[in-house]
Amino acid sequence: MENQKPIVINGNRFNFTEGDTILDVARQNNIEIPTLCHLKGTTPTGTCRVCVVEIAGQEDLVTSCDTKAVEGMIVQTESSRVVASRKQTIKNMLSMGNHNCAVRAPHEESWTQYQLKVHAEDKSPELCPAWGDCRLQDLAYHYQVSGSDYSNVETLYPMEMANPFIIRDFSRCILCGRCVKACNEIQVNNAIEFGYDGDKKKIVAGDDKLLKDSDCVFCGECVQACPVGALVPKDARFDRPWETEKVRSTCSYCGVGCQIDFHVKDNQIVKITGAEDTAPNYGSLCVKGRFGFQFVHAKDRLTTPLIKENGEFREASWDEALDLTAKRLSEIKDAHGADSIGVFTSARVSNEDNYAAMKFTRAVLKTNNIDHCARL
Amino acid sequence: MTNTIGDIGDADVIMVVGSNTTENHPVLSTVVKRAVKYKNAKLLVVDPRQIKLTKFADLWLRPNLGSDVAWINGLMHVIIAENLHDKAFIEKRTNDFEGLKSMVEKFTPDYVEKITGIAAQQIIDAARLYANAGASAILYCMGITQHTTGTDNVKSLANLSMLCGNLGIPGGGVNPLRGQNNVQGACDMGGLPNVYTGYQPVTDAAVRKKMEDAWGITGLPEKNGLTVTKMVPMAHDGDIKAFYIIGENPLVSDPDLNHAEKSFANLDFLVVQDIFVTETGKMADVILPATCFAEKDGTFTNTERRVQRIRKAVDAPGDAWDDWKITSEIAKRMGYPMAYKNAQEIFEEIREVTPSYAGVTYERIERQGLHWPCPSQEHPGTPILHTRQFTRGKGVFHAIDYIAPAETVDDEYPLYLTTGRVLYHYHTGTMTRRTDGLNERAPESFVEISAKDAEKFGVEDGSPINVASRRGQITVRATISEQAVSGTVFIPFHFAEAAANRLTNAALDPVSNIPEFKVCAIKLSSAA
Ligand code: SF4
Ligand code: SF4
Ligand code: SF4
Ligand code: FES
C-alpha cells in the first residue's frame, strides 16, 4: 500500500501506516514490548517507562507507546540498555509500597518485619490480592528483578474500604494512571484524577473524597484496568485466578447485552469481569453487570415447587406440581375455552425459554394470548 | 435498533430522547459520551429531567410531559421551511411526504412553544443541528413509548429520521434502547399476541400452515391474542380465568396496581414460574422454581439485534429447572410431547421456522454474536437495517397530530409524576435488591422534586411524603434535586413496598397497548 513506510525493529523491516506508534508496529508484527500504563483505546501518556526502546542515533531511550514510528527508524526492543532501564523501572516500583509477594527480595533480613507490617495494614495474612494476576509481578519475573531497601517504606495513605464494591489500596498503587484513563476516556465518568505532587502523588476522586462521596458510579472499569493490587473488587479480594474457572456469558440486566466472564469457584460466582475481546462492550460493564450478581446465590432462591393449600404454600414434588398445573389448565380450557387462559412470557429468560412458552401457548393451549412485560 | 451500538460512535449528531442513558444503559452511554468528548459529535438531549447526559449536551430541550409529537413536528416544520430535508432520499425511498408536509405546517416554532414549553428559538436550533449533520442518530427509550401516544411518538421520530435521509446509513438510524436484557429476543421469539417467531403474523394462513407442519399439529388459533394490558382487566371482569406467568412480576411493574391486584385475586388458577417468590408469586396457586441466567445455556438477543450466548456457569440451587424444561413438561402432561435434549436443540428448531434467525448457529456465535436478519449460514448478519430498502419497500411518512396526555393536572392534583429507573436497581428489584452493595447505594424509594416545588408545597429534603394520585397513595422520602423540573416529580418503580405503580395510569396507547406510565397527576402531603 502506498501510505505504508518501512521501519526496522530488531533487524527486521516492517511497513507501518502514518500515525502508528512504535508499539503499534511492534504489536502488529508480534514483537512483544512490555507495557504497564498504556491502556487500549486511550491516549498514551508515557508515564511508566516500561515500554522504552532504543533508537539508533538517539542518546535517550524513548517510550514506544507514545512515540510515532518514523520512516527509516532503527529500533531495538531488548538491547542491554533497554533491559537495564526496564529493570531499574521495575525495581523502583517494587520498592515503594506494599508489594509483599515473593518477588520482593525475601532474602533480606527485614523481610519478616515488612510482611508483618503489610499484613497489619491489609488486615489479612494473605499475600497481595493481585498475587498471580499482576502485571508488575509478571514483569519482575520476566526481568528477574526484586525490590530492595524496603525498611523505610511508609504507607502514606490508608486503604479505603468505605464503599461496597471497590478497595482502594494506595500502598500498592504504582501511579501508572490506567484507572484515570479508564474512568475518563473509556467510561467518561470523570470521577478520578492525579492529585498532589512529587512524593505525595495520589489518585484522587474529586477533591480527594471517598469514592462513595464522589462522582464515581462504580462501573469498575478502573478495577479491571489496574495492573496491580491497588484496585480490587471487595467481594473477591483474595480469590486467586488458578482457583477460579472463567465462563463467558451475557449480562442479564439491560438490553446492551454486555459480554461478561463469570469467575467461578466451588460452584459459586465470585467475580464478573467484562470480556475485552468482543463487541458490544469490549471489556466495559456497569455497576449492575459487574457487581450485581449476589442474587444468584441468594438464600431465598426457590429450590422446589410450591403448592398453595388453605392459603399457605407447601413444598411439592415436580410431578405433583406439574400434574396439578396441567390438570387445572386443561379443566379451565375445557370449561371456558382456550382464550380464557393467558401466558406471560418474559424479557428476562432466554430465547429458547421464550420459544418453548410461545409454542406451548399456541400449539398446546391453542390460544394467542401470550405477551410479556416489555411494554412496561 | 436500526443500527449498532458501536455505530453510534460514527454519528455526527446524536439525539437522545426520553432515555436516561447513563443510568439505564450505562455501557451504551459510554459510546455516546466518547463520541461527544473525543470525536466532536454534537449531542442533543430531549428530556424533562436534567439527566446526567445534559452535561455533555450541546443543546437540551425540556418538553412538557406528553408533548413529544408537538416538538418533533416542530422540528420537521423548521427543516422543511428552511429546505434542509433530504429531497433525493424522500423521492427515492419514501411515500406520503405531502401528507406529512401539510400536517406539520401549523407546527410553527411559536405554536410548538405554547404546547411544549420549549422556546421557539431552541426548536429552530435543534432542527438545524439535527438536519445539517452528515449522519444523525436518534436514541430513544421508555420516555417516548410509555405514553398513550407512544406509537405516535415512535412514528414521529421515524418521520424525522426519514425526512433527513438518516435511515440505512452508518451513524444514523432510529434506535430504541430495550430496557430489559432480552426484550428483543422475547419479541423475536413470538412472545407477542399477534406474531410467531420473526414477526410472522398469526393471521396469515400460510404462516399458520407452516407452523402446524413444523409442530405436527392442526388448528392453530387464527385470531390475534390479547396483550398483557388487556388480559389483566379481563381477569378482573372474569373473562380470563388462568395465568401462566414466567419470570415476570406484574404486581410491581403493572400500571394501576390496586386494580391489577384485584384482577389477580379473581383468577381461578395462577401458576408462576420464577427464581424467587415475587409479589406476583405470593398470589399463585402453584410456584415452579426456575434456573437463572448463570445456570443455563441459551441465547439472548440484545437491543442491536445481536444474538449472543449465555452459558451455564454454576449449578442451579436445589431442584430448580430450566424454564423451557418446565414448560415442556407441562405440555407433555397436556397431551403434546415437547421433548428437547438441551437449549441448542430448541435453537435449531427456532432456525428452522424463523427466516431471520436461519443463519445463526451456536457454532457461529461461539466467540461473538451475530445481528439478525441472518437468513443463511453464509450470511454475515445485518448490523444496519434498511440500507437499500425498507422491509415494506418504501418508507411511509405518517401525518400525526398532537394529542394532549390522558391525564392533566388540576387544582386537586397539581403536579405531574413521571416514573423510571435508577442506576443501581433494575426493573422490579427482584435481582438487584438482593445485592447488598446495590442496596447500600440506593436503599429506598424516593420522590425527586425541584427546589421550587419543594418550597411551594412545603416539602423538606429527606422528609417522608405521601404521594397520591386518583388511583392510590404511597409514602416515600423527598429528595430535592436539580434534576427535577418544576411542576413534575419523579419516582423510581423498583421498590415494591412503595410501588410507584400504585399511582400510575393504566390508560393505554390504542395501538401498542402500552400504558401511560410517564404522565399522571398527583398531590403531595407531609407524612411526618
Ligand atoms: S468505578 Fe468507574 S466511575 Fe468509579 S472511579 Fe472507577 S472507572 Fe471511575
Ligand atoms: S490505582 Fe492501579 S491503575 Fe490506578 S494508578 Fe494506581 S496502579 Fe495504576
Ligand atoms: S453491564 Fe450494565 S450496561 Fe452492560 S448489559 Fe449489563 S446492565 Fe447493561
Ligand atoms: S506503557 Fe509506555 S510509558 Fe507506560
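## A salt bridge between the chains

A:Asp339 is partly exposed, with a relative accessible area of 38%; on this scale, buried means under 20%, exposed means over 50%, and partly exposed lies in between, using a 1.4 Å probe and the protein chains only. A:Asp339 forms a salt bridge with B:Lys223, the closest N and O atoms being 3.6 Å apart (a side-chain nitrogen of Lys or Arg within 4 Å of a carboxyl oxygen of Asp or Glu). The pair crosses between chains: A:Asp339 sits in the loop between helix H8 (318-336) and strand S15 (341-344) of chain A, and B:Lys223 in the loop between H11 and helix H12 (228-236) of chain B. B:Lys223 counts as exposed, at 57% relative accessibility. Helices (H or I, at least four residues) and strands (E, at least two) are DSSP runs, numbered from the N terminus.

A word on conventions: this is a predicted model, in which local features need pLDDT of at least 70 and side-chain atom pairs count only at pLDDT 80 or more, while totals for chains, interfaces and linings use all residues. Residues are numbered from 1 along each chain as its sequence is written, chains are lettered from A and ligands numbered from 1 in the order in which they are written, and side-chain values use heavy atoms, with hydrogens and water left out.

## The A–B interface

Chain A and chain B bury about 11,200 Å² between them, 63% of it on carbon and sulfur atoms; buried area is the accessible area (1.4 Å probe) that two parts lose on being put together, summed over both. The contact (heavy atoms within 4.5 Å) takes 111 residues from chain A and 153 residues from chain B.

Between chain A and chain B there are seven salt bridges. The interface also holds 68 residue pairs in polar contact, both at pLDDT 80 or more; such a contact is a pair of N or O atoms within 3.5 Å, where within protein one must be able to donate a hydrogen and the other to accept it, and residues adjacent in sequence count only if both atoms are side-chain atoms. On the side of chain A that touches chain B, helix H9 (residues 351-365) gives the largest share, 14 residues.

## Helix H16 of chain B

In helix H16 (residues 343-353) of chain B, the buried residues include B:Ile346, B:Phe347 and B:Ile350, along with the charged B:Glu349 and B:Arg351. The buried residues of H16(B) pack against H9 of chain A, and against helix H11 (205-215), strand S10 (298-301), strand S11 (306-310) and helix H15 (323-333) of chain B. B:Asn342 caps the N-terminal end of this helix, with a side-chain oxygen 3.3 Å from the backbone nitrogen of B:Gln344.

Ligand 3 lies between chains A and B. Its surroundings include A:Cys251, A:Cys254, A:Cys258 and A:Cys286, as well as B:Pro26 and B:Val27 (a heavy atom within 4 Å).

B:His425 is buried, with a relative accessible area of 1%, in the loop between strand S14 (415-420) and helix H17 (436-441) of chain B. A polar contact of 3.0 Å joins its side chain to that of B:Thr432. Among the residues that B:His425 touches is A:Lys288.

## Salt bridges elsewhere

The whole structure has 44 salt bridges over all chains. In one of them, A:Arg172 pairs with A:Asp122 at 2.7 Å between the closest N and O atoms; these residues are 50 apart in the chain, and both are buried.

Conventions: Lists of a residue's contacts leave out its neighbours within four places in sequence.
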